[in-house]
Amino acid sequence: MIKGVFIAGTDTEVGKTFVTAGIAAGLMKKGFSVGIMKPVASGAVNKNGKLISEDADFYHRIFNLDDDYNLINPYCFKAVLAPGVAARLEGVSVRFDDIKEKYYKLLDQYDILLVEGAGGLLSPLSEKLATNADLAQELGLPIIIVSRSAIGTINHTLLSLAYAQNVKRLQVLGVIVNQENDRKSTLAEKTNCEIIKEMSGADLLGVIPYCKFVKDINMESLNNFFLDRIDWSIFGYTS
Ligand SMILES: Nc1ncnc2c1ncn2[C@@H]1O[C@H](COP(=O)(O)OP(=O)(O)OP(=O)(O)O)[C@@H](O)[C@H]1O
Ligand SMILES: [Mg+2]
């Protein structure tokens with residue numbers, strides 16, 4: 001079974017957190033212990049006087065993770081910028097060796113660890129402008145690419161796949177196409193997945209529709225929503 005997966009995206013706000021949570025809920029329901037990490041985050045918010053990543057906070061809340069917050073999200077920036085740009089502005093050094101150490105600490109405690117990137121695959125995470133792809137490479141992780149279902153996604157998804165596979169030589173487990181807003185499904189949505197498959201040869205691991213109850217989601221409803229929509233065989237079982 002895969003021990004760790006890097007959940008990358010074709011862009012920010014494509015649904016990496018939602019999909020990561022859905023995968024985590026499904027795996028937990030199957031009896032696996034699952035850890036989640038958001039190594040670098042930006043656009044952080046103030047909660048009880050502490051700057052926190054909304055993604056890390058979401059995971060904490062939904063899954064009652066009892067890991068030290070600093071392990072789940074070692075680097076967090078306030079500015080609504082790519083984290084690497086925010087790191088430069090704040091004069092912070094984002095050290096991948098530090099992230100790696102924390103990653104291994106968490107990995108030790110779980111059957112599987114899901115690592116959510118920040119922004120798109122090529123968004124810079126460090127002040128030296130090392131990207132999500134560089135971090136996945138550093139951690140030796142296979143990746144899943146979450147992409148939008150809407151028009152424009154063929155180009156974004158194929159470029160992300162080509163970069164991951166041909167430039168960074170990352171193992172790509174496949175693509176999950178996600179409808180992150182409730183616009184009406186168009187012809188593009190109905191045809192994009194097949195075209196991405198045909199043009200890239202990548203495995204389509206899931207097609208996730210808009211979820212009407214996203215604001216009140218919990219572990220149980222996440223599991224039900226994702227159960228028949230993900231190809232769980234990459235994790236070693238079928239739904
Ligand atoms: N399938 C879906 N149905 C309903 N809402 C969704 C769906 N996917 C994502 N969303 C919503 O869209 C917004 C963006 O999704 P999400 O936070 O998962 O994106 P992200 O790629 O993790 O963004 P970031 O780059 O900030 O980490 C969130 O409000 C989320 O709840
Ligand atoms: Mg996110």
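**Close-up 1. Contacts of Ile7 in the predicted model.** This structure is a predicted model. Leave aside the neighbours within four places in sequence, and Ile7 is in contact with Lys16, Val19, Thr20, Leu114, Val115, Glu116, Gly117, Ile144 and Val146.

**Close-up 2. The largest nonpolar core.** This core holds 59 residues. Ile7, Leu114, Val115, Ile143 and Ile144 touch the most other members. Helix α1, residues 16-29, gives the most to the core: seven residues. In soluble globular proteins, nonpolar side chains tend to be buried together.

**Close-up 3. Strand β8, residues 143-148.** Six of the six residues in β8 are buried, so the strand is largely enclosed by the rest of the structure. Look at where the residues point. Ile143, Ile145 and Ser147 point one way from β8. Ile144, Val146 and Arg148 point the other way. Residues on both sides are buried. In a regular strand the side chains alternate between the two faces of the sheet.

**Close-up 4. Strand β1 beside β8.** Strand β1 covers residues 4-9. Four bridges join β1 to β8, and the two strands run parallel. Take Gly9 as an example: its bridge partner in β8 is Val146.

**Close-up 5. Strand β9 beside β8.** Strand β9 covers residues 172-178. β9 and β8 also pair in the parallel sense, over six bridges. Here Ile145 has Val175 of β9 as its bridge partner.

**Close-up 6. From β8 to β9 by way of a helix.** Helix α7 spans residues 153-167. Together, β8, α7 and β9 make a β-α-β unit. This unit is right-handed.

Methods: Residues numbered from 1 in each chain as written. Chains lettered and ligands numbered in written order. Predicted model: local features only at pLDDT ≥ 70, side-chain atom pairs only at ≥ 80, totals over all residues. Core = buried A, V, L, I, M, F, W, Y, C linked by C-beta atoms within 7 Å. Buried ≥ 20, exposed ≤ 12 C-beta atoms within 10 Å, placed from the backbone. Contact = placed C-beta atoms within 7 Å. Pairing = 2+ DSSP bridges. Right-handed = clockwise from strand over helix to strand, strands pointing away.
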